[in-house]
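Subject: Structure for your review

Dear colleague,

I am passing on the structure below, together with an account of what was found in it. Please read the notes with the coordinates open beside them.

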Amino acid sequence: MKDEIILAIESSCDETAVSLLRNGNELLANSVNTQIEDHKRFGGVYPELASRLHLENITSVLQYVLSLKGFDYHSITHVAVTGGPGLPGALQIGAMAAKTISQYLNVPLIDVHHLAGHIYANEFVHEFRYPLLAIVVSGGNTELVYLPRPFEFHIMGETEDDAIGEALDKVARALGLPYPGGVHIDKITQEPNIQTIPLPKANVPGYDLSYSGLKSHLIRMIEKEKKENNGTLPPERVKSFALSAEKAFVEQLLDKAEILKNDHPVKMIVVGGGVSANSYLRKRIRERFPNGPEIVIPPLWCTTDNAAMIAKAAHHMIQMGLLSPLSFNTRPNRDIEKEGKKYRIQ
């Protein structure tokens with residue numbers, strides 16, 4: 001039988017990425033061009049600049065992947081691309097490239113949900129066992145997604161305000177840490193014996209979360225101390241605030257995940273999104289569920305936006321017959337719960 005070879009493109013935010021996946025498990029190539037340095041001076045992603053850089057970079061990243069020694073681009077059987085959610089202009093660049101290649105090679109096109117990619121990235125570690133709980137954590141998303149079956153997504157809980165990554169970035173900015181803030185918080189909290197600061201707990205009903213109030217409380221505390229110390233904080237206090245924020249945000253998330261796990265059958269818990277690279281989260285999730293269910297955490301290379309995860313999700317969509325027409329539209333505010341077949345939890 002002919003090998004299934006998926007060319008995947010990801011351009012939803014500030015990474016231009018292309019990958020090649022053979023038969024759902026053999027990663028032939030995975031190239032990522034990041035824009036972090038370009039956005040640093042803005043303290044976050046500047047959408048217009050992101051779109052322009054995608055336009056400049058997409059051709060070179062594609063050429064790099066397709067020129068790999070021994071690879072014949074005519075062997076590509078499918079083209080996959082992130083169709084949302086994401087920045088409108090950024091999504092359009094990837095979609096236009098994917099549609100052009102799909103039409104030129106006369107191969108099927110698959111429009112993949114960005115968060116589905118983050119969830120299914122975990123299959124580079126272990127094949128999924130259902131029902132499973134996916135903890136999706138990034139700069140723009142914090143969701144507890146229940147999958148009773150493959151590609152049947154149910155958002156059971158989500159943040160009512162800031163995403164966890166967004167909240168960490170804002171606390172980091174108040175502490176004077178460079179962008180991306182969450183990454184630098186993780187770096188400076190690796191030392192042992194850092195003193196934490198008592199913080200209130202958010203009282204949110206059900207499985208939902210809230211980070212805005214806690215974030216604002218921390219920033220007020222930081223600004224108060226800075227004012228009392230001539231506008232600066234001693235390095236040890238910066239570390240204390242950073243670890244306290246990290247701990248409070250992650251523990252709230254795992255508290256809700258544990259409640260959900262106790263209320264519904266769960267054979268596996270997976271973590272996806274940029275914040276899944278956070279050391280404290282990766283350590284604590286295993287400590288919080290020592291007796292099961294099975295915990296799967298993606299490798300660090302697959303936590304930030306990349307095209308390998310889009311290819312992995314597309315592989316399942318191909319098997320389910322979820323192909324897309326060339327006329328599909330990107331959707332910046334796309335809802336993952338509408339992906340695949342609906343399934344109501346009894």
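Pro-85 is placed in the loop between strand S4 (78-84) and helix H3 (88-105), and the peptide bond that joins Gly-84 to Pro-85 is cis, with omega at about -10 degrees. Please bear in mind throughout that this is a predicted model. A cis peptide bond also joins Tyr-179 and Pro-180, where omega is about -5 degrees, and Pro-180 is found in the loop between H5 and H6.

Turning to backbone torsions, phi is positive at Asn-193, with a value near 65 degrees in a residue other than glycine. Asn-193 sits in the loop between H6 and H7, and Asn-193 is exposed, its relative accessible area being 73%. Asn-230, which is not a glycine either, has a positive phi of about 60 degrees; this residue lies in the loop between H7 and H8 and is exposed, with a relative accessible area of 76%. A positive phi, near 85 degrees, is also found at Gly-176, which follows H5.

Helix H5 itself spans residues 164-174, and its buried residues are Ile-164, Gly-165, Ala-167, Leu-168, Val-171, Ala-172 and Ala-174. What do the buried residues of H5 pack against? Their partners are strand S6 (132-137), strand S7 (142-147) and the helices H6, H7 and H8.

Two of those partners, H6 and H8, also pack against each other, and their geometry may be of use to you. Two packed helices are described by the angle between their axes and by the distance between the axes. For helix H6 (residues 181-188) and helix H8 (residues 235-263), the angle is about 110 degrees and the axes are 9 Å apart. Angles of 65 to 115 degrees count as roughly perpendicular, and H6 and H8 are therefore roughly perpendicular to each other. The crossing of these two helices, H6 and H8, is left-handed. On the H6 side, the residues that meet H8 are Ile-185, Asp-186 and Ile-188, while H8 contributes Val-238, Lys-239, Ala-242 and Glu-246. By residue class, the contact of H6 with H8 comprises 4 nonpolar and 3 charged residues, with no polar ones.

How many aromatic pairs does a search of the whole structure find? The search finds 7, and one of them is formed by Phe-128 and Tyr-130, whose ring centres are 6.1 Å apart and whose planes meet at 80 degrees, so the pair is edge-to-face. Phe-128 and Tyr-130 are both buried. In another pair, the rings of Tyr-211 and Phe-249 have their centres 5.2 Å apart and their planes at 70 degrees, so this pair, too, is edge-to-face. The pair of Tyr-211 and Phe-249 links distant parts of the chain, 38 residues apart, since Tyr-211 belongs to the loop between H6 and helix H7 (212-228) and Phe-249 to helix H8. Tyr-211 is buried at a relative accessible area of 0%, and Phe-249 likewise counts as buried, with 0% relative accessibility. Finally, Tyr-120, Phe-128, Tyr-130, Phe-151 and Phe-153 form one aromatic cluster, so that the Phe-128 and Tyr-130 pair described above, edge-to-face in its geometry, has both of its residues in that cluster.

Technical notes
Residues are numbered from 1 along each chain as its sequence is written. This is a predicted model: local features need pLDDT of at least 70, side-chain atom pairs count only at pLDDT 80 or more; totals for chains, interfaces and linings use all residues. Side-chain values use heavy atoms; hydrogens and water are left out. Axes are lines fitted to C-alpha atoms, for helices over the stretch in contact, and angles run from 0 to 180 degrees between N-to-C directions. Helices (H or I, at least four residues) and strands (E, at least two) are DSSP runs, numbered from the N terminus. Angles under 35 degrees count as roughly parallel, over 145 as roughly antiparallel, 65 to 115 as roughly perpendicular and the rest as oblique. A crossing is left-handed if the near helix is turned anticlockwise from the far one by less than a right angle, and right-handed if clockwise. Contact means heavy atoms within 4.5 Å. Ala, Val, Leu, Ile, Met, Phe, Trp, Tyr, Cys and Pro count as nonpolar, Asp, Glu, Lys and Arg as charged, and the others, Gly among them, as polar. Rings of Phe, Tyr and Trp (its six-membered ring) pair if their centres lie within 6.5 Å; planes under 30 degrees apart count as stacked, over 60 as edge-to-face and the rest as tilted. Buried means under 20% relative accessible area, exposed over 50%, partly exposed in between (1.4 Å probe, protein chains only).
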